[in-house]
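Me: I have a structure to go through with you. Can we take it step by step?
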Amino acid sequence: MKKGYLYIILTTIIFSTMEIALKMVSDVFNPIQLTFTRFFIGGLFLIPFAVQALRQKHAAITSSDLKYFAFLGFLGIFISMILYQLAVQNTKASVVAVLFSCNPVFVTIFAFFLVKEAIHKNNIVALILEVIGSVIIINPLHVKLSVLGVTLTIASTLIFALYGVFGKRRSAKYGGIVITCFSFLFGAAEMLVVIALSHIPSVAAWLSSEGLAMFSNIPLFSGYTWAVLPIVTYICIINSGIGYACYFTAMEKTSAQTASLVFFFKPILAPILALIILHEVIPVNMLIGILFILIGSLASILPDLLAQKAAHS
């Protein structure tokens, strides 16, 4: 159990730097290019962990599973993470970090409607508090944030929550690391197809004419210099590979509810790191919004944590 909490601490620190690291190179790379690189290398890094998990479970992957992993990759990596990278480019890293931390509560809500998992009063309270916190951060009456950036963040968060719910359908059979590894690799492969299509002259010309030049002639190798290589390596290996490996190891050594403490502490740590590293100012409305989100997260996970403690006492 103590090792589990160590993994939670490591995951929190790694995940809290994710938006900051991505922000630091967002002007250097095309968003799809960076997202592809991040999850392709991250997926490759997770392969040994996934193979070990499969051996431990004596599980074999079927063609049906591969199709499901491709679907998960499309949902959680291809769609959600491209929106996420676009959000990082269009608004503050701290805002993306805080709003994205609401996704465990949305997972609970979606799980109730899609897979008929039980939902409790504290989950409803948590959702209400986190929505209030998000509205306070966005501050619609005096919007100073990028509306596009906030919209992209919320869309990414909701779709990633759906990815989490659908991922649960195979988690009992394979475990989180296997699902994450294969969804990373399939999502990256799907992005690679889009990158290839974007270089077809007629497709590139049409995208440019429609105001979608960002998706036209998407580069694959440009932008890499010795100056940005350390941060790109950090994003791919630390943020994506080691970060997710630590998160799922934390789940295995504690529980899903306990591991979700990561998303309780991240809204505290990420804005502080963004202030120190990127000099992003934390306005009063954001502090109030963070407080609501923290209370909402606590309302969501505290009953389960107390129940676990009572069961082990």
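Me: Is Leu-275 buried, partly exposed or exposed?
Reply: Leu-275 is partly exposed, because its relative accessible area is 39%. Buried means under 20%, exposed over 50%, and partly exposed in between, with a 1.4 Å probe and protein chains only. This is a predicted model: local features need pLDDT of at least 70, side-chain atom pairs count only at pLDDT 80 or more, and totals for chains, interfaces and linings use all residues. Residues are numbered from 1 along each chain as its sequence is written, and side-chain values use heavy atoms, leaving out hydrogens and water.

Me: Which helix holds Leu-275?
Reply: Leu-275 lies in helix H13. Helices are DSSP runs (H or I, at least four residues), numbered from the N terminus.

Me: New topic. How does Glu-19 sit, buried or exposed?
Reply: Glu-19 is buried, because its relative accessible area is 1%. Glu-19 belongs to helix H2, residues 18–24.

Me: What does the side chain of Glu-19 contact?
Reply: The side chain of Tyr-84, in a polar contact at 2.7 Å. A polar contact is a pair of N or O atoms within 3.5 Å; within protein, one must be able to donate a hydrogen and the other to accept it, and residues adjacent in sequence count only if both atoms are side-chain atoms.

Me: Now H3. What happens at the start of H3?
Reply: A side-chain oxygen of Asn-30 comes to within 2.9 Å of the backbone nitrogen of Ile-32.

Me: And what about just after H3?
Reply: There His-58 has a positive phi of about 50°.

Conventions. Helix = DSSP H or I, 4+ residues; strand = E, 2+ residues; numbered from the N terminus.
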